[in-house]
Amino acid sequence: MISALIIYTQFFSRIVIPKAVDLSYVRKGVPILTLFGLLVGLISSLFFVLTSLVLPDTIAWILTLFFDVLLTGGFHLDGLADTADGLFSSRSKDRMLEIMKDSRIGSNGVLALIFYYGLMIAMGPYLPQPKWLIVASLSMIGKVGLTMQLYKMRYARESGGSGNFFSGTKTSSILLAQIVPLAVLIGGFWLKGLLAYSLVILGTLAFRWFVYQKIDGETGDTLGASVEVAQILFLLGMII
């Protein structure tokens, strides 16, 4: 468990832990991937609570979104942009994969980031209380979306990439990863939390289907994009 938390911290954040961990723990640690997300979310939540003491909630919410980028290095945002550039390019599978590997960002990627942050900021004032728990849950919910992509995952590229570290994830590991988010959301929000969680599951499975239709498998970029998709769906579920 400790090895998995260390490698996830090294992999998904800018927090420096100078300890070498075998890459196999990326896959082995999936049962606690959402727990890791919650721990990272609690850091952002603490920032939100402290900021909201001196600033209006809406400003604190926007600053917390910025703080999250500093904390994680915007790790999944690159995946969202690259996925939008590739999957909406109306090209062949091979060309889509080439576009997604390109370090330059295209118009579809820019639009995806604008819509993502536009929706995140716009939904902030409508979120129910306790808002600090929603902030704490965001990273956790993002990891729920990621785990939905790991079920019998096929890797779309012939050569390995960062997303391939998750290949071979057991279904039991994915199911175990749902315990923490279900406990947090039902305990904190009851039926509304369950509704939001259900929307995330259905929406990210639909995203998985769409990805497979386009490129017949996952990449590190599509896994990253699933995190942002899950977060948007979660907030939508919380304000319905």
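Select threonine 219 first, in the loop between H11 and H12. Helices here are DSSP runs of H or I with at least four residues, strands are E runs of at least two, and both are numbered from the N terminus. Leaving aside neighbours within four places in sequence, threonine 219 is in contact with Leu97, Met100, Tyr155, Ala156 and Arg157; contact means heavy atoms within 4.5 Å. Its relative accessibility is 1%, so threonine 219 counts as buried. Buried means under 20% relative accessible area, exposed over 50% and partly exposed in between, with a 1.4 Å probe and protein chains only. The side chain of threonine 219 also reaches the backbone nitrogen of aspartate 221 at 3.2 Å. That is a polar contact: a pair of N or O atoms within 3.5 Å, where within protein one must be able to donate a hydrogen and the other to accept it, and residues adjacent in sequence count only if both atoms are side-chain atoms.

The model is predicted, with local features needing pLDDT of at least 70 and side-chain atom pairs counting only at pLDDT 80 or more, while totals for chains, interfaces and linings use all residues. Residues are numbered from 1 along each chain as its sequence is written, and side-chain values use heavy atoms, with hydrogens and water left out.

Aspartate 216 has a positive phi of about 60 degrees although it is not a glycine. At 40% relative accessibility, this residue is partly exposed.

Now select threonine 204, in helix H11 (residues 191–215). Is threonine 204 buried or exposed? Its relative accessible area is 0%, so threonine 204 is buried. The side chain of threonine 204 reaches the backbone oxygen of isoleucine 201 at 3.3 Å. Beyond four places in sequence, the contacts of threonine 204 are Gly145, Met148, Gln149, Ser226, Val229, Ala230 and Leu233.

**Annotated spans**

An unreviewed UniProt entry places the feature "transmembrane region" at residues 32–53, 59–84, 105–126, 132–151, 172–189 and 195–211. UniProt positions are in the numbering used here, feature names are shortened, and annotations may be inferred rather than shown by experiment. Select residues 195–211: the chain there is 100% helix and 0% strand, with end C-alpha atoms 24 Å apart. Residues 172–189 are 89% helix and 0% strand, and their end C-alpha atoms lie 26 Å apart.

**Leucine 77 and the spaces**

Leucine 77 is in helix H5. With 14% relative accessibility, leucine 77 counts as buried. Not counting residues up to four places away in sequence, leucine 77 touches Val69, Leu113, Tyr116, Tyr117 and Glu228. Leucine 77 and aspartate 221 are 144 residues apart in sequence, yet 9.0 Å apart in space, C-alpha to C-alpha.

On a 1 Å grid over the protein atoms alone, a cavity is a set of points where a 1.4 Å probe fits but cannot get out; a pocket is an open set with protein on both sides within 12 Å along at least five of seven lines, and lining residues have an atom within 4 Å of a point. Grid points are joined across faces, edges and corners, and a volume is the space filled by probe spheres set on the points.

The largest cavity has about 310 Å³ of space. Of its 25 lining residues, select Asp68, Thr72, Tyr116, Ser139 and Gln231, the closest to the centre. Which element gives the most to this lining? H4 does, with 6 residues.

Select helix H1 (residues 2–12), where 8 of the 11 residues are buried. Among them are Tyr8 and Phe12. The cover over the buried residues of H1 includes helix H2 (24–28), helix H3 (33–52), helix H4 (57–72), H5 and helix H8 (131–149).

Tyr8, Phe166, Phe234 and Leu235 touch the most other members of the largest nonpolar core, which has 67 residues. A nonpolar core is a set of buried Ala, Val, Leu, Ile, Met, Phe, Trp, Tyr and Cys residues joined through side-chain atoms within 4.5 Å.

**Last stop**

Finish at glutamine 129 and proline 130, which a cis peptide bond joins, with omega about 0 degrees. Proline 130 lies in the loop between H7 and H8.
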